Amino acid sequence: MTGFVPHTIQQLLQGFPDPIETYGPADAPFITGVTYDSRQMKPGFVFVALEGLNADGHRFIPRAIEAGAAAVVGSKMIDDLPVPYIRTDDTRCLLAYLSAAFYDFPARKLRVVGVTGTDGKTTTTNLIYEILLKAGLLIGMISTVNATIGDEVIDTGFHVTTPEAPEVQRYLSRMQTAGLTHVVLETTSHGLEQHRVADCEFDIGVITNITHEHLDYHGSYEAYWKAKAKLFTSLETTKKKAIGNPRLAVLNMDDRSYEYLRAITKVNIITYSTKNPQADVFASNIEHSPDGLHFDIVVDQQASPVCCRLLGEHNVSNCLAAAGAAHFGLGISMDTVAQGIEHLQGIPGRMELIRGPQDFFAVVDFAHTPNALLRALEAARQLTSGRVLVVFGSAGLRDREKRRLMAEIAVQWADLVYLTAEDPRTERLEDILQEMAAAATERGGAEGRSFFRISDRGKAITEAIKAANPGDVVIACGKGHEQSMCFGEVEYPWDDRVAMRAALAQHLGISGPTMPDLPTKDIT
């Protein structure tokens, strides 16, 4: 196993700052791995029992021991196990620490840039990666789309936010072993709140924005903001590194999170803005085209022209965030920053143009929050003077208020709206669509004229394609790069880009992929 240091559980626990209690045998063999999933248990692993929303890991302790667990970590009182049992009040925090210790704390040997926010994290992460790559730095990346270690690209999953701590630390260890010196890590609120990125020793923290999302999990805006803020409060506690400690926060002056984050951040701060020329990094002379963006990045009253292949003014802001982290945090010249931005071809499922012989624009975007949907529709408007036709839904078992907000935004900003399935999970799809349709009607939409309910996502995309006139924009939002859709508890293969190409092929009478099947395919 790459990069791990052979230690007993007692040795790995040395330095853990929180109280722990140890029960069972005092002696233990060398630890050969750390896992929270009993199905991944191998002889010599430590099993960490997590208490989640749907399952209690303590139930699987017997299975883990039977599979060869060398030690067990939990939060409940258990004193009769045949292996060492370590009790702590916060098993997730200890999972992160054990994972980092097992790999000899790889983040302490890397410069780590963390990117958080509601929307734009993946794009900004990739922009920073490309800039640092262009600067000649040995850089790795962990995002919701993939992990990049040198020439190797690893898919991080179908419906993945920040990976769990053992996976994060394994990726960091592989990067350090491969000789990389820098890593940029996309960091979600779940990842911060659940300690998945604890012991990642962040040197630079970047915020894109904080808008409406994940209130089903965090419970309130205040709790959501506090989760995001953990990236910035962690900067002051990053361990001293031989490679150096920039300790820099990159804040968005245009976002309502700015004053809050500025007040709680105790390290150096630089700001970026598309509106306020007093920001450390400012954008001017912004021009839009179907080929991307052209604008100037102004730093210290010096303007650097930038050509960006991404679409939408929100991506100007993402470019500024990346520029601030690279230039002020790592000393990269603005010429190199501009080259790195231009080198990025695009992000899978982020304002991704589906090119073909059609005489209208077809776009797939990951927008699944109210703010992201608004920005995507604004970008669609900037593409053309024609109509905008949008296909989207709202996920089941997630923040219900988004359904109303997104439906209201859609009928205000799009000419035709197609409400459809988007991971209904165990909720009734009909109920989700009813909530969205009611909100669209209240905002002035007329069902059957300006908006439609079509349960099957493939049919919804097909109908939008059929309705498109020359110069229009058909945009499918909410799934982006994802490769599956959840009905009940089953993930069905699904890719909006494949579906869009299938609908275009059918409409144009040309060869193309077959429309993927979903459980809704026979619903009329």
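Student: Which are the buried residues of helix 15 (residues 457-467)?

Tutor: The model is a predicted one, and a residue is taken as buried when its relative accessible area is under 20%. By that cut-off, the buried residues of helix 15 are Arg457, Gly458, Ala460, Ile461, Thr462, Ala464 and Ile465.

Student: Which elements do the buried residues of helix 15 pack against?

Tutor: Contact here requires heavy atoms within 4.5 Å. The partners of these buried residues include helix 16 (496-508), and the strands they pack against are strand 19 (388-392), strand 20 (416-419), strand 22 (473-477) and strand 23 (484-487).

Student: Which residue caps the N-terminal end of helix 15?

Tutor: A polar contact needs a pair of N or O atoms within 3.5 Å. At the N-terminal end of helix 15, a side-chain oxygen lies 3.3 Å from the backbone nitrogen of Gly458, and the residue that provides this cap is Asp456.

Student: Which element gives the most to the lining of the largest cavity?

Tutor: The largest cavity holds about 50 Å³ of space, and its lining includes His288, Leu293, Ala379, Gln382 and Leu383. Two or more lining residues come from strand 14 (281-289), strand 15 (292-299) and helix 12 (370-383). With three residues, the element that gives the most is helix 12.

Student: How many charged residues are in the lining of the second largest pocket?

Tutor: This pocket has a volume of about 580 Å³, and of the 21 residues that line it, the closest to its centre are Ala198, Asp199, Cys200, Ser234 and Thr237. Helix 3 (91-102) and helix 8 (221-233) are the elements that give two or more residues to this lining. By class, the lining has nine nonpolar and six polar residues, and its charged residues number six.

Technical notes. Residues numbered from 1 in each chain as written. Predicted model: local features only at pLDDT ≥ 70, side-chain atom pairs only at ≥ 80, totals over all residues. Heavy atoms only, no water. 1 Å grid on protein atoms, 1.4 Å probe; cavity = no way out; pocket = protein on both sides within 12 Å on 5 of 7 lines; lining within 4 Å. Points joined across faces, edges and corners; volume = space filled by probe spheres on them. Helix = DSSP H or I, 4+ residues; strand = E, 2+ residues; numbered from the N terminus. Buried < 20%, exposed > 50% of the residue type's maximum accessible area, 1.4 Å probe, protein only. Polar contact = N/O pair within 3.5 Å; in protein donor to acceptor, adjacent residues only side chain to side chain. Nonpolar A, V, L, I, M, F, W, Y, C, P; charged D, E, K, R; others polar.
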